[in-house]
Amino acid sequence: MKIGFYPGSFDPITFGHIDIVARGRLLFDKLYVAISNNPNKKTMFSAEERLQLVREALKDFPNVDVILSDKLTVQHCIELGASHVLRGLRAVTDYDYEFQLTNFNRHISHKIDTVFLMTEGKYSFLSSSSVRELAAFGGDVTPFVPANVKAAMDQKYQSVRP
Ligand code: ADP
C-alpha cells in the first residue's frame, strides 16, 4: 500500500491546500493530512480546532485521514508506513524553503522522499496568512476558504471587532 503524508499548519485550511489534497490523494492509496501541533508556534486556531475544521473540509475524500502531528515529519512517516511527503508549490518564493526542508528530511532518512504538486494558477497567491489578515480587517474570505472555516473565522473575530 502506497501511503503519503501531507504536513502543514493549515491555520486555516484554504482552497489551495484542498486542491493539493484533491490531486495528491490520487497518487496514493492513503493520504495522511498531518496538522502540526507545535505549542511554541502561535496560531489563530488551536490544533484541536484545526483538526475539526480540516476533517470537515476534507470529509468527501475517502482515502484521506486527518491527524495531528507533534513529531518530526520523517519520524511520523516511518511510524505510519508513509513513503512520501507531499507538499504544494506556489511561486518561486516557496522553492527556497521547500528545498531546505526536503534536504533536511532526506538527511534524517533516505527512505522518505518528497513529491511536489504545483498549485493551480488561481491559488498561487493564496496563503493562510493572507486569509487571516483579510479576516482581521473585516474582509470577505468566502472565495478562499470552505464555509465551515469562514464561519469559524467570523466567530473568532466577532469578539475583537466593534
Ligand atoms: P507550513 O507551516 O508547513 O508552511 P502551510 O499550512 O502554510 O504549512 O502549508 C502546507 C503546505 O501547503 C505547503 O507545502 C505549502 O506550500 C502548501 N500550500 C499552502 N498554500 C497553498 C496554495 N495556495 N496552493 C498550493 N499549495 C499550498
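Before selecting anything, a word on labels: helices (H or I, at least four residues) and strands (E, at least two) are DSSP runs, numbered from the N terminus. Residue numbers count from 1 along each chain as its sequence is written. This is a predicted model, in which local features need pLDDT of at least 70, side-chain atom pairs count only at pLDDT 80 or more, and totals for chains, interfaces and linings use all residues, while side-chain values use heavy atoms, with hydrogens and water left out.

**Stop 1: the largest pocket**

Start with α4, which gives eight residues, the largest share, to the lining of the largest pocket. A pocket here is found on a 1 Å grid over the protein atoms alone: an open set of points where a 1.4 Å probe fits, with protein on both sides within 12 Å along at least five of seven lines, and lining residues have an atom within 4 Å of a point. The volume of this one is about 1100 Å³, counted as the space filled by probe spheres set on the points, which are joined across faces, edges and corners. Now select P7, G8, S9, R87 and Y97: of the 44 lining residues, these are the closest to the pocket's centre.

**Stop 2: the ligand**

Next, show the ligand, whose space is the largest pocket. Around the ligand are 17 residues, with Y6, S9, G88, T119 and L126 the closest; to be in this shell, a residue needs a heavy atom within 4 Å of the ligand.

- S9: a polar side-chain atom lies 2.6 Å from an oxygen atom of the ligand.
- T119: a polar side-chain atom is 2.9 Å from a nitrogen atom of the ligand.
- L126: here a backbone N or O atom sits 2.9 Å from a nitrogen atom of the ligand.

How much of the ligand's 560 Å² of accessible area does the protein cover? The answer is 89%, with areas from the Shrake-Rupley method and a 1.4 Å probe.

**Stop 3: the loop between β1 and α1**

Finally, select F10 and P12, both in this loop. Most residues other than glycine have a negative phi, and most peptide bonds are trans. F10 isn't a glycine, yet has a positive phi of about 50°. The peptide bond from D11 to P12 is cis, with omega near 5°.

Note on methods. Polar contact = N/O pair within 3.5 Å; in protein donor to acceptor, adjacent residues only side chain to side chain. Sits in = over half its atoms within 2 Å of the grid points.
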